[in-house]
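Please keep the sequence and the 3D view open while reading.

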Amino acid sequence: MSEEIRTYAYDDESLILALRHYFGSEQHYHEHQKHFYRSPKKTFFIGFIDSAVAGYCSLSKGEIQDLHTVPCFRNRGIATSLIRYIQARETVLTLGTSNTIVESIAKKLGFIYYLSRGKYNYFRWEAKGDH
Ligand SMILES: CC(C)(COP(=O)(O)OP(=O)(O)OC[C@H]1O[C@@H](n2cnc3c(N)ncnc32)[C@H](O)[C@@H]1OP(=O)(O)O)[C@@H](O)C(=O)NCCC(=O)NCCS
């Protein structure tokens, strides 16, 4: 099994193409495409397993968003790899989630809980001095 993470600017045509199949219906795809263009500062990260799109997330102003793994690729470490990949490149990160699996991944990767807002719990991570 080969795993690879690639980085995309929000308006990268190859991002849209890579995710096109991921979103299933054309309607769902177009909704997400609009979402990308509403967030011009976002960077996207796609995890590939054996060249297939396995999961993705985005980064906006230091906040990890949109974390999602294709159901058939779950529990194979792709969400963990996506966050680790971003941790290797950033010094401060936040992540808000209502998903208990994401919470456990965040804690495993050194994120610390700091705030709840509505149904979302927020976690913060800071690189250690050797980053
Ligand atoms: C949450 C999600 C992104 C996780 O992706 P993933 O690629 O399967 O995650 P990983 O394989 O890296 O890690 C899964 C971890 O959760 C654990 N896990 C799996 N099911 C679990 C459960 N029901 N309860 C608690 N932990 C669970 C696994 O054991 C694993 O931990 P480990 O690495 O310590 O063994 C994926 O399930 C998903 O896309 N869910 C739907 C979308 C969503 O809710 N996104 C969150 C938006 S913030």
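The sections below go from the overall fold to the sheet, the helices, the core, the ligand shell and a few single residues.

## Model and conventions

This is a predicted model, in which local features need pLDDT of at least 70, side-chain atom pairs count only at pLDDT 80 or more, and totals for chains, interfaces and linings use all residues. Residues are numbered from 1 along each chain as its sequence is written.

## Overall fold

The protein chain contains 4 helices and 7 strands. Helices (H or I, at least four residues) and strands (E, at least two) are DSSP runs, numbered from the N terminus. Along the sequence they follow the pattern β-α-α-β-β-β-α-β-α-β-β.

The protein chain has 131 residues, and 24% of them are buried. A residue is buried if 20 or more other C-beta atoms lie within 10 Å of its own, exposed if 12 or fewer, and partly exposed in between; C-beta atoms are placed from the backbone. Of the contacts with a separation of 6 or more, 50% link residues 24 or more positions apart. Two residues are in contact if their C-beta atoms, placed from the backbone, lie within 7 Å.

The 7 strands form an open sheet in the order 1-2-3-4-5-7-6, with mixed pairing. Strand 1 (3-9) and strand 6 (112-117) each have a single partner strand, so one side of each is left without a neighbour in the sheet. From one strand to the next, the twist averages 25°. Two strands pair if DSSP finds at least two bridges between them.

Strand 2 and strand 3 run antiparallel and are joined by 7 bridges. Ile 46 has Tyr 56 in strand 3 as its bridge partner. These two strands form a hairpin with 2 residues between them, and Asp 50 in the turn has a positive phi of about 45°. Strand 3 and strand 4 also run antiparallel, joined by 5 bridges. Leu 59 has Ile 64 in strand 4 as its bridge partner, and Ser 58 stands opposite Gln 65 in strand 4. Strand 3 and strand 4 form a hairpin with 2 residues between them.

## Helices on the sheet

Helix 1 (residues 13-20) lies across strand 1, strand 2 and strand 3. Its direction is at about 130° to strand 3. Axes are lines fitted to C-alpha atoms, for helices over the stretch in contact, and angles run from 0 to 180 degrees between N-to-C directions.

Helix 3 packs on the sheet and touches strand 1, strand 2, strand 3, strand 4, strand 5 and strand 7. The direction of helix 3 makes about 135° with that of strand 2.

## Nonpolar core

The largest nonpolar core has 25 residues. Such a core is a set of buried Ala, Val, Leu, Ile, Met, Phe, Trp, Tyr and Cys residues joined through C-beta atoms within 7 Å. Phe 45, Ile 64, Leu 82 and Ile 86 have the most contacts inside this core. The elements giving two or more residues to this core are strand 2 (43-49), strand 3 (52-60), strand 4, helix 3, strand 5 (92-97), helix 4 and strand 7 (120-126). Helix 3 gives the most, with 5 residues.

Which residues does Leu 82 touch, not counting residues up to four places away in sequence? They are Ile 5, Phe 45, Gly 47, Gly 55, Cys 57 and Leu 67.

## Ligand shell

The ligand is surrounded by 19 residues, and the closest are Thr 69, Arg 74, Ala 79, Thr 80 and Thr 97. A residue is near a molecule or strand if its C-beta atom, placed from the backbone, lies within 6 Å of it. Strand 4 (63-69), helix 3 (78-87) and helix 4 (100-108) give two or more residues to the shell. Helix 4 supplies the largest share, 6 residues.

By type, the shell divides into 6 nonpolar, 10 polar and 3 charged residues. Ala, Val, Leu, Ile, Met, Phe, Trp, Tyr, Cys and Pro count as nonpolar, Asp, Glu, Lys and Arg as charged, and the others, Gly among them, as polar.

## Single residues

Most residues other than glycine have a negative phi. Lys 61 is not a glycine, yet has a positive phi of about 50°. Lys 61 lies in the loop between strand 3 and strand 4. Lys 61 counts as exposed because 9 C-beta neighbours lie inside 10 Å. Asn 75 is not a glycine either, and has a positive phi of about 60°. Asn 75 sits in the loop between strand 4 and helix 3. With 8 C-beta neighbours inside 10 Å, Asn 75 counts as exposed.

Arg 117 is found in strand 6. Is Arg 117 buried or exposed? Arg 117 is exposed, with 8 other C-beta atoms within 10 Å. Arg 117 and Gly 96 are 21 residues apart in sequence and 8.9 Å apart in space, C-alpha to C-alpha.
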